[in-house]
Amino acid sequence: MEDGADLDENAMTMDNDFGDIEFVDEEAKVDGGALNGVDDDDEDDENVVSIEKLKHKVMAYTNGSAHDDEETKDSIGDVRSATPSIAGYEMPKMFKQQEPFQPGSTPAHLEHRYLAWNTVGIVTLHTDGADGAIDVEFHDASVHHSLHIPNYNNHNMASLSSTVLAMAADNSSKIVCIALAASGNKEWSVQLPDCESVEALCASSRMLAVATSAQFLRIFTVMGTQREVVSIPGPVVCMAGYEDRILVCYHSAAPSAKQQHLQAMLFQTCGLRLKCQNVTLPLTPERQLSWLGFSDCGSPVFSDSMGIVQLFNVKSNCWYPVCDTMKQSSSVSNNYFVISLSERSQILQAVLCRGTSYPMTNPRPMVQELPLQLPLCDLENEKSILEDSMLRASMMSMDNAEKTIKETAIKLFALACRSEMEMRAKELIETISCTDLLMLAVKYATKLGRIHLSDRLSELLPQIEEEQQSREQEEQLVEQSLPASPLILLKAYQNGSSSSSNKLAPKSMDLGSTKKSTLKRFAFSNSQSSSPLYKKSTNDSLLATPSSEASQENFSGNDSESQLSKVSSEDMKPLSRTPLNSVNPFAMKRKLSEVDKTILMGSEKLKMVKK
């Protein structure tokens, strides 16, 4: 009982000691309430002390700062509230960065998969336990026969062209190549230095390119000569090759929240020189790159995971969406596995995959041809269909492009005239700026009785002529600055062959002993023009003008043998061979003679016709 009385006395003493101090909760102050009957108005009272203020002052003195006003306190509180806590902070989700892959290949987890499928052939990998094999089939049997290669090195990536087959494995530094057009030892291999591994590879008809883990691009010739070593600015995604061109796609930056940032380097070799052009790939957000390649005219092409196929025009330096495979599919679950694109035929070759994104090896699927079409507005209308044809003909190297542009333009002109849109018709002619199209438009407008429109079009003739000349000059300058495309080379070859058709080198001929001696005597007699024998033989036999047509065109083998008997063996000197006439003794004769002669060799007769 005494202990209890002592405790009560101590409690009363503590209450008396702290009777003048009231403890105020900080949260109660924020809510506007008062603790123990004390209002906010009494906050400045000297008898009211906040525990939080006391703690803050004690900590300030401990850290060596004696002054801490209310503004400093508020600023510190704002910074603490703006900075999230480590435990509760969540990093924003970024789009997954795409790993390197081979265009035209199927996923690596499949037991039977395609390593490459392009316009040249198909490379198939079979992993049946330890005895794996690689089968190569060519679309054209004249390129090469089919191959069956045991997969001792566990190759899981390959690239095929008309001249070389390249194979490699992931995380491996060895590359094995088979030169298809070579004779003798066709197979060669190379080992990458400094623990580099193969990330991607591509083969063209003239070279082979390998992207390594050190972000190096190593270029080899078809037979294995090291050509170039170039640094890639970022992690490689995939590569494609076409003749002397190589397209390398890589990550230019880390992916953002919704899309990847891809760029490409377009290389072209010219002798020992190397040209490069940087190109940005306009990949749609939330999509991945599914295929990369070249068209049949050498234009870069790529396709994304949603089936949008885009083509790069080197002259305009722009990408154009030329096909949407998903719109041509009957079901949302179907996908098209892109194989190639043809600008000349205006088709896209692809394999329809029902319910999957890649084709199966067995049974072998059929290749379908999809028409190219730009995503224009109101494609159901006749006007939009004509505009699509005209735009594709203007930006692609299709067959009969100029003819297609003129035909579609005059149809659009007629459609505008029928729709009472004369200003649109005039604007169309001004946009195309072609004198031939202008004359057709004037004739059509006059035939329809639109004299006012025909007069206004006739006034545009000087302006259009000037624009056409300036445009032709600009195109020539652009063609000189750009790499030579196959279409430009074809046009140059056609122009050169038409202008110098009479300067073609003669082909080699397989002749008998009698005809060889006759040709030898003929060349010798022409080279010795100052001798009387040359004059007599040419006047009597070769350059004579007999009365009958038979004697003018033909002379038999008996006559040639009798003429050979008249020539002594002393005069028959060996004919010196030069690079000009080493193949055909008539090469020097045709180049130096002023008279163009055509020598026709038959099985029994030698004919010579003057032109």
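Guide: One term before we start. A helix crossing is called left-handed if the near helix is turned anticlockwise from the far one by less than a right angle, and right-handed if clockwise. Also, this is a predicted model.

Visitor: Good. Which way do α8 and α9 cross, left-handed or right-handed?

Guide: Left-handed.

Visitor: At what angle do α8 and helix α9 pack, and how far apart are their axes?

Guide: The angle is about 160°, and the axes lie 8 Å apart. Helix α9 covers residues 451-458. Angles over 145 degrees count as roughly antiparallel, so α8 is roughly antiparallel to α9.

Visitor: What residues meet there?

Guide: From α8, L438, A441, V442, A445 and T446. From α9, L453, S454, L457 and S458. By class, the residues of this α8 and α9 contact are six nonpolar, three polar and no charged.

Visitor: Now α6 and α8. What angle do their axes make?

Guide: Roughly 30°. Those axes come within 10 Å. Helix α6 is residues 401-418, and helix α8 is residues 435-447. The cut-off for roughly parallel is under 35 degrees, so α6 counts as roughly parallel to α8.

Visitor: And is the crossing of α6 past α8 left-handed or right-handed?

Guide: Right-handed.

Visitor: Which residues of α6 and α8 meet?

Guide: α6 brings K406, A409, I410, F413, A414 and R418. α8 brings D436, L437, L440, A441, Y444 and A445. Together, the residues of the α6 and α8 contact divide into nine nonpolar, no polar and three charged.

Visitor: Backbone next. What is phi at N400?

Guide: Near 55°, a positive value in a residue other than glycine. Most residues other than glycine have a negative phi, and most peptide bonds are trans.

Visitor: Where is N400 found?

Guide: In the loop between α5, residues 382-395, and α6.

Visitor: Is N400 buried or exposed?

Guide: Exposed, because its relative accessible area is 57% and the exposed class starts over 50%.

Visitor: What about phi of S433?

Guide: Positive too, near 55°. S433 sits in the loop between α7, residues 422-432, and α8.

Visitor: Buried or exposed, S433?

Guide: Buried. The relative accessible area of S433 is 2%, and buried means under 20%.

Visitor: Which residues does the cis peptide bond join?

Guide: N362 and P363, with omega about 0°. P363 is in the loop between β24 (347-353) and β25 (367-371).

Visitor: Change of topic. Where is T325?

Guide: In a loop too. T325 lies between β22, residues 318-324, and β23, residues 335-342.

Visitor: Does T325 count as buried or exposed?

Guide: Buried, because its relative accessibility is 2%.

Visitor: What does T325 touch, not counting residues up to four places away in sequence?

Guide: G307, V309, Y336, L348 and L370.

Visitor: Zoom out. How many helices and strands are in the protein?

Guide: 16 helices and 27 strands.

Visitor: What share of the residues is buried?

Guide: Of 611 residues, 37% are buried.

Visitor: And what does the accessible surface come to?

Guide: About 36800 Å². Carbon and sulfur atoms hold 51% of that surface.

Visitor: Last one. Of contacts with a separation of 6 or more, what share comes from residues 24 or more positions apart?

Guide: 44%.

Methods
Residues numbered from 1 in each chain as written. Predicted model: local features only at pLDDT ≥ 70, side-chain atom pairs only at ≥ 80, totals over all residues. Heavy atoms only, no water. Helix = DSSP H or I, 4+ residues; strand = E, 2+ residues; numbered from the N terminus. Buried < 20%, exposed > 50% of the residue type's maximum accessible area, 1.4 Å probe, protein only. Contact = heavy atoms within 4.5 Å. Areas by Shrake-Rupley, 256 points an atom, 1.4 Å probe, with all protein chains shown as cover. Axes fitted to C-alpha atoms, helices over the stretch in contact; angles between N-to-C directions. Parallel < 35°, antiparallel > 145°, perpendicular 65-115°, else oblique. Nonpolar A, V, L, I, M, F, W, Y, C, P; charged D, E, K, R; others polar.
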